[in-house]
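This report concerns a single protein chain. The sequence and the structure are shown first.

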Amino acid sequence: NGDGTGGETIYDGVLIEDESFEVHHNRPFLLSMSNKGKPNSNGSQFFINTVKTQWMDDKYVAIGVVLEGEEFLQQIEELGTETGMPKAMVTIVDCGEMKLLPSDNEVKYW
């Protein structure tokens with residue numbers, strides 16, 4: 001839709017059930033699934049928090065953590081505005097998946 005409300009899943013558009021609320025949003029740089037504001041309504045949109053966002057616990061499923069490149073994400077964040085229209089276009093052209101280490105689940109405050 002071009003306004004953040006669209007998206008579809010790889011499962012023929014079927015919404016994805018909540019996997020687990022085991023990982024809490026108690027640290028910055030977690031990757032979470034966005035949803036439609038109700039349980040089991042995850043689609044194809046994701047977000048990375050840049051501060052602790054504990055009010056998102058039990059509402060959004062955290063599914064990963066940024067292992068490197070935090071400075072780059074902070075540069076992207078600086079392109080944001082109060083209106084929601086970014087100062088410049090940001091496009092992700094290549095990304096991957098890495099396995100979590102046991103230490104990645106530790107609470108870190110920085």
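## Model and overall fold

The coordinates belong to a predicted model. The protein contains one helix and three strands, and their order along the sequence is β-β-β-α. Strand β1 covers residues 30-35, strand β2 covers residues 42-48 and strand β3 covers residues 62-65. Helix α1 spans residues 70-77. The protein has 110 residues, of which 25% count as buried.

## The largest pocket

The largest pocket has a volume of about 1800 Å³. Its lining comprises 41 residues, and those closest to the pocket centre are Leu31, Ile48, Val66, Leu73 and Ile92. Two or more lining residues come from each of the elements β1, β2, β3 and α1.

Strand β2 gives the largest share of this lining, with five residues. By residue class, the lining of the largest pocket holds 21 nonpolar, 14 polar and six charged residues.

## A nonpolar surface patch

On the surface, a nonpolar patch is formed by Leu31, Phe46, Ile48 and Ile63. The accessible area of these four residues together is about 310 Å². Two members of the patch, Leu31 and Ile48, are also among the lining residues closest to the centre of the largest pocket.

Phe46, another patch member, lies in strand β2. Phe46 counts as partly exposed because its relative accessibility is 45%, a value between the 20% limit for buried residues and the 50% limit for exposed ones.

## Residues with positive phi

Phe29 is not a glycine, yet its phi is positive, at about 70°. Phe29 belongs to the segment before β1. With a relative accessibility of 4%, Phe29 counts as buried, since the cut-off for that class is under 20%.

Asp58 likewise has a positive phi, near 65°, in a residue other than glycine. Asp58 is located in the loop between β2 and β3. Its relative accessibility is 54%, so Asp58 counts as exposed. Thus Phe29 is buried, whereas Asp58 is exposed.

## The segment after the helix

Leu101 is situated in the segment that follows α1. Is this leucine, Leu101, buried or exposed? Leu101 is exposed, because its relative accessible area is 52% and the exposed class begins over 50%.

Leu101 and Leu67 are 34 residues apart along the chain. The distance between their C-alpha atoms is 9.9 Å.

Technical notes
Residues numbered from 1 in each chain as written. Predicted model: local features only at pLDDT ≥ 70, side-chain atom pairs only at ≥ 80, totals over all residues. Heavy atoms only, no water. Patch = residues over 30% accessible without salt bridge, like charges linked within 9 Å, V, L, I, M, F, W, Y side chains within 5 Å. Areas by Shrake-Rupley, 256 points an atom, 1.4 Å probe, with all protein chains shown as cover. Salt bridge = Lys/Arg side-chain N within 4 Å of Asp/Glu carboxyl O. Helix = DSSP H or I, 4+ residues; strand = E, 2+ residues; numbered from the N terminus. Buried < 20%, exposed > 50% of the residue type's maximum accessible area, 1.4 Å probe, protein only. 1 Å grid on protein atoms, 1.4 Å probe; cavity = no way out; pocket = protein on both sides within 12 Å on 5 of 7 lines; lining within 4 Å. Points joined across faces, edges and corners; volume = space filled by probe spheres on them. Nonpolar A, V, L, I, M, F, W, Y, C, P; charged D, E, K, R; others polar.
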